[in-house]
Amino acid sequence: MKEFNNTDILIFGGGILGCYLGAKLQESGYKTLIVEKNSGEIHESPRTVTLNNFSKNLLIDFDSTIFNLVEKHSVQQMKVFDFEGTGKILFDCIDANLKQLNYVISHADLLSSLRKKAHDLILFENSIQKLNEKNDAIEVQLSSDELIRAKLIISCESNNLKLLKFSGLNLRKREYEQTALVGLVESSCPQADQTAHQIFSDFGILALMPFRKSQNRNKFICSMVWSIPNNLIKDFATGEEFVDKFLPAMEEKLSFDIKLLSKSGLQSYSLYAHHAQNYFDHSTLLIGDAAHAIHPLAGQGINLGFADIDSLLYQLINKDDFIDASKLKILMKNFSRERHLQNEIMLQSMNAFVSIFESKNLYTKFLRNFGLKQVNKKKFLKNFFVEQASGPNKFLNKLFR
Ligand SMILES: Cc1cc2nc3c(=O)[nH]c(=O)nc-3n(C[C@H](O)[C@H](O)[C@H](O)COP(=O)(O)OP(=O)(O)OC[C@H]3O[C@@H](n4cnc5c(N)ncnc54)[C@H](O)[C@@H]3O)c2cc1C
């Protein structure tokens, strides 16, 4: 009979968060393995992630060379517009006493660097075949037939139905009925190099994040995420056709030129939000997108995941507590309580934002325009929003620790 390979922690999902978590746990003295369903190949992609200052600092503390070597661009300002009115808000890092609001980072670069760090822990082209709970441990049979026994299973990928069924953890889901088109665009306006722009309109939410200088020195490349209502995009054969039709109106609103870089290709994602009612049961823990998915409009998805990991590592600081099954349960419940509240606040705020800007009601449109203008006049309110987007809430962290 085949022998079990014993490990402390088994992670499913070798994405950015799975690899970061795996490498950190191994570094803290936990024997860790990561199961990744795909091969290790990473394709070139126009996708970027926006790291807030908290996530950036975690990464630098972990391995500053990763942060130094990945392709990145700092964001100094952010302008938010309502397409239909004159309402807008300008967030500026100087007003908030920060060096930058956040960093836009190549998804492929960050994934590739973290995969290198966690390489020895990853079992590529593998997934769960069977799971079985036995004497405070979980026995897992992988698709490669390998047998692994772990004290704690962590899901770092958003749709592992087998793990959800096994743990009994439930996700509350909301379809946004929107598709995000992700690509790279080019502009000749220097503003596009320092300032992130976001426009809310009836033909979707367009976000442009400064990303790199073009080979043509007078041009600037931004990463684009355009979240479009499905009932609008369904009438277009391709994403490029949609962009061709609506980009000129956005250029007019922004008062600068934007051109889609066709070479980069457009990727499309169906947008949804989900949140697990609880993150831990039957020795299985949900982290990052496995526990919560959020609309990309605030660029918070991966940052909530990094904050989850920071909180988890805080709970796992003492290995003796991990070995005691009843103590481990308490630690995981502490983790779940701390992070659930903060993630729920962010999720509900994003849902409210999406609903306000989806509304066709004239009064709502008037109020949101008015609201944008009022917020723009109040520095303390803007700084409050910047602080919320910069990392976990310090007061709530203290309350739970
Ligand atoms: C259009 C769009 C734009 C976004 N923009 C931003 C942004 O600007 N800023 C931000 O913070 N967040 C953003 N997000 C969210 C962010 O991309 C996610 O939060 C982040 O990628 C989650 O990282 P992850 O490592 O947890 O998961 P993933 O990147 O999804 O990685 C999961 C890994 O698990 C593997 N896997 C899947 N199923 C299995 C299985 N059954 N067994 C084993 N392995 C499996 C996958 O192959 C993959 O490697 C955006 C999301 C979208 C859709």
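Helices and strands are taken here as DSSP runs numbered from the N terminus (H or I over at least four residues for helices, E over at least two for strands), and two strands are called paired if DSSP finds at least two bridges between them. The model is a predicted one, in which local features need pLDDT of at least 70 and side-chain atom pairs count only at pLDDT 80 or more, while totals for chains, interfaces and linings use all residues. Residue numbers start from 1 along each chain as its sequence is written.

Axes are lines fitted to C-alpha atoms, for helices over the stretch in contact, and angles run from 0 to 180 degrees between N-to-C directions.

Two packed helices are described by the angle between their axes and the distance between the axes. The axes of α2 and α8 come within 9 Å and cross at roughly 55 degrees. This angle makes α2 oblique to α8; angles under 35 degrees count as roughly parallel, over 145 as roughly antiparallel, 65 to 115 as roughly perpendicular, and the rest as oblique. The α2-α8 crossing is left-handed, a term for a near helix turned anticlockwise from the far one by less than a right angle, with right-handed used if the turn is clockwise. On the α2 side the contact is made by Phe54, Ser55 and Leu58, and on the α8 side by Ile302, Asn303, Phe306, Ala307 and Asp310. By class, these residues divide into five nonpolar, two polar and one charged. In this scheme Ala, Val, Leu, Ile, Met, Phe, Trp, Tyr, Cys and Pro count as nonpolar, Asp, Glu, Lys and Arg as charged, and the others, Gly among them, as polar.

Helix α8 also packs with α1, the axes coming within 10 Å and crossing at roughly 20 degrees. The two helices are therefore roughly parallel, and their crossing is right-handed. Ile16, Leu17, Tyr20, Leu21 and Lys24 of α1 meet Ile302, Gly305, Ile309 and Leu313 of α8. Seven nonpolar residues, one polar and one charged make up this contact.

The axes of α1 and helix α4 (residues 107-117) come within 9 Å and cross at roughly 30 degrees. Helices α1 and α4 are therefore roughly parallel to each other, and α1 passes α4 in a left-handed crossing. Here Ile16, Cys19, Tyr20 and Ala23 of α1 meet Leu110, Leu111, Leu114, Arg115 and Lys117 of α4. The contact has seven nonpolar, no polar and two charged residues.

Strand β12 (171-187) is joined to β17 (residues 267-276) by ten bridges, and the two run antiparallel. Thr179 stands opposite Ser270 of β17, and Val182 has Gln267 of β17 as bridge partner. Strand β12 also pairs with β15 (residues 220-229) in the antiparallel sense over ten bridges, where the partner of Val182 is Val225. A further antiparallel pairing, over two bridges, links β12 to β16 (residues 259-260), with Val185 opposite Leu260. Strand β17 in turn pairs with β20 (residues 292-293), again antiparallel and over two bridges, and His275 stands opposite His292.

Of the 31 residues around the ligand, Gly13, Gly15, Glu157, Gly301 and Ile302 come nearest; a residue is near a molecule if its C-beta atom, placed from the backbone, lies within 6 Å of it. Helices α1 (16-27) and α8 (301-315) and strands β3 (48-52) and β12 each supply at least two residues of this shell. The most comes from α8, with four residues. The shell divides into twelve nonpolar, 15 polar and four charged residues.

Note on methods: Two residues are in contact if their C-beta atoms, placed from the backbone, lie within 7 Å.
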